[in-house]
Amino acid sequence: MSLMNTTVLAKAANEARGLAMDAIHACNSGHLGLPLGCAEIGAVLFGEALRYNPDAPKWLNRDRFVLSAGHGSMFLYSWLHLSGYAVSLEEVKNFRQLGSITPGHPEFHETPGVEATTGPLGQGVGNAVGYALSGKRAAAKFNTAEHVVFDHHVVAIMGDGCLQEGVAKEAIAFAGHSGLDNLILIYDSNNVTLDAMAEITQGEDAEEYFHSQCWDAVTIDGHDLAAIAEAVEKAKATQNGRPKVIIAKTVIAKGIPEVAGTSKGHGEGGAKFIEAARAGLGLPKEELFFVSEETKAYFAAKKEESKKAFDAWQATYDAWAAANPELAAELTAGIALSAPTDLSSAIPEFAADYKDATRSAGSTVINAVAKAMPQLLTGSADLFGSTKNYLKDGGDYSTGNPLGRNIWFGIREHGMGAICNGIAYDGIFRVSGATFLAFADYMRGSIRLAALSHIPVTYIFTHDSVGVGEDGPTHQPVETVSSLRVIPNLDVIRPGDAEETAGAFIAAMQRTDGPTALILTRQAIPLQTSVSVAERRDGAQRGGYIARKEKGELTTILMASGSELQYAMDAADQLGDGVRVVSMPCFERFDRQGADYQEEVLPKAVTKRISIEAGITGLWWKYLGTDGKAIGIDRFGLSAPGNVVFKELGITTEAVVNAAK
């Protein structure tokens, strides 16, 4: 760091400001404040401090950089372009345009060098914590005395908006308690929020707050290149079991005097002043999107150094892989997101007289799956005893045991969701997180981003309906299953017995292009032994299947999910030979089946259809058609024993029989 060329990096900072101003002015949309206010921070990170290789953006031992304040996306795109990533100047010019790889907020999978989909404030802080946990565990799992293949850091930039969001506070508390000293958070402290100066809505002492959360904290001038470099270098070098925060005092929209340091500098308001601003920054009037030859040469040299570092690491990795073939195979499988194709054979069949909650069946299943998939981690929001997803031989993740596979998130559902996303973004381990279904909305923002980003997080939601009983309507999630079903690219699986539960876990593990929510009961439900184990497991993976075949001419189709499958099966026995029962644990997976299979299960010619589910009925109508009947609960629940609530609200075999008649 002592040899850092501050003259060139200061010039690069101003040219990055110019790229941001020109791009935002061109589309008349975007946020100037952070790209201009953090330009010197970007120059130090991408010009000196970060370990990366633009030609290998997924290098396993790269430093991970997360822009939590994703509205400042032109900061990231400018520095990725200058650093030599496959983000061309043309893409910078196409900022926020249809089909570009420079969308309004950074999106995972869309842009080389973007580590997480950010924008909803605070999420990126949680993602960075997840990355740091993954990095700690990867180092503990795969490094040997002879070879170090993981020793990277995670760096994130956040602003006041991120720090005000509860998800960030939850993640910060978890990171401090978990000793993630490979995490460096840079707080762009410019004393401004969108509407007004930050003092209107906040007054905490940032250093004292972070100290109270078991972090190291230092405050610096965020425009002083040497101070930034020194703070980052010290943070990287200090391995003391405490994450690091660098509170960088900056001027928002620095470089546009008319709006700098004010709330007007947050968005594109300063764009109309950029002609004078560009002149003040020493940028040529006649050339927009200007990058000097000196800056290009500097980053070209940095790229060559990065390649040498990468090549040296690759040699270490190759030697490690040759010496540790089993570890290498496990790491390769994790990166490939692979699950055994015969995963079902690793899960024991349930005894014919088994009658327990699907959360209990889930405990048996996840422990069997974990033996077959050593890369699987699981966690719970202080509810392991209730969600029953604890890995019995997995150990607990902690500062002293980074190899632990059980993550104790504490009562932090939103933080858990964002941290799980970070682990999934890193792509080394598979992760699941659990809580009661009634609390799914606490983590809805994280679930939505996992679905948008196509990452395979598994959510285990138990206590799935009015069957919760005496806890009453606050804990009876009548609307929540349907509310999750409307999130695009999220598979929501509500299995109807223990074997369907096995199929649901298999489906979640074998899915690599998006998240899965497993919806499990607290109350005991019977096994559907009239259907073979293979049919139930396969049927859950297909999303819907024939659980009871009609014995005569088909006249009526009964459809059900979860604990209500038992009522449909019992009703069919009473209604006679013309009745078929279709188990529908997952709408999304069924909808992805071919038209022939869908017609085989739900023939269009049969319009007499009845659905039964202990929740709101609206989404069932796409399968019911105009002649169908929906049995459900279009109201909140009741405080009473679960069986009483089911009967009182009409979720019974008798209700299905009467509807059919």
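The model is a predicted one, so to speak of a local feature takes a pLDDT of at least 70 and to count a side-chain atom pair takes pLDDT 80 or more, while totals for chains, interfaces and linings use all residues. Residues are numbered from 1 along each chain as its sequence is written, and side-chain values rest on heavy atoms, with hydrogens and water left out. Helices (H or I, at least four residues) and strands (E, at least two) are DSSP runs, numbered from the N terminus.

Two strands count as paired if DSSP finds at least two bridges between them. Ala-156 is found opposite Leu-185 in S3.

Val-232 belongs to helix H10. Is Val-232 buried or exposed? Its relative accessibility is 1%, so Val-232 counts as buried. Here, buried means under 20% relative accessible area, exposed means over 50%, and partly exposed is in between (1.4 Å probe, protein chains only). Leaving out residues up to four places away in sequence, Val-232 touches Leu-45, Ala-49, Ile-184 and Ile-246; contact means heavy atoms within 4.5 Å. Val-232 and Lys-244 are 12 residues apart in sequence, and their C-alpha atoms are 9.1 Å apart in space.

Thr-193 is placed in the loop between S3 and helix H9 (206–212). With a relative accessible area of 15%, Thr-193 is buried. Residues up to four places away in sequence aside, Thr-193 touches Asp-160, Gln-164, Ala-198, Thr-201 and Ser-263.

Next comes the helix pair. Helix H12 (residues 293–323) packs against helix H13 (residues 325–335) at an angle of about 115 degrees, and the axes are 5 Å apart. That makes H12 roughly perpendicular to H13. On this scale, angles under 35 degrees are roughly parallel, over 145 roughly antiparallel, 65 to 115 roughly perpendicular, and the rest oblique. H12 brings Tyr-317, Trp-320, Ala-321, Ala-322 and Ala-323 to the contact, and H13 brings Pro-325, Leu-327, Ala-328, Leu-331 and Thr-332. Sorted by class, the contact of H12 with H13 has nine nonpolar residues, one polar and no charged ones.  Nonpolar covers Ala, Val, Leu, Ile, Met, Phe, Trp, Tyr, Cys and Pro, charged covers Asp, Glu, Lys and Arg, and the others, Gly among them, are polar.

The other sheet is open too, with six strands in the order S8-S7-S9-S10-S12-S11 and parallel pairing. Strand S8 (406–408) and strand S11 (491–493) stand at the edges with a single partner strand each, so one side of each goes without a neighbour in the sheet. Ignoring direction, neighbouring strands of this sheet are turned by 20 degrees against each other on average.

Strand S9 (residues 430–436) is mostly covered, with seven of its seven residues buried. Strand S7 (residues 376–380) pairs with S9 in the parallel sense over five bridges, and Ser-380 stands opposite Ala-434 in S9. S9 also runs parallel to strand S10 (residues 458–462), joined by five bridges. The bridge partner of Ser-432 in S10 is Thr-458. Between S9 and S10 the chain passes through helix H17 (residues 444–453), in a β-α-β crossover that is right-handed: with the strands pointing away from the viewer, the path from the first strand over the helix to the second runs clockwise. S10 in turn runs parallel to strand S12 (residues 516–519), with four bridges joining them. Thr-458 has Thr-516 as its bridge partner in S12. Helix H14 (residues 358–372) packs on the sheet and touches S7, S9 and S10, with its direction at about 150 degrees to that of S7.

Gln-528 sits in the loop between strand S13 (525–526) and helix H20 (533–542), and is buried at a relative accessible area of 10%.

Methods. Axes are lines fitted to C-alpha atoms, for helices over the stretch in contact, and angles run from 0 to 180 degrees between N-to-C directions.
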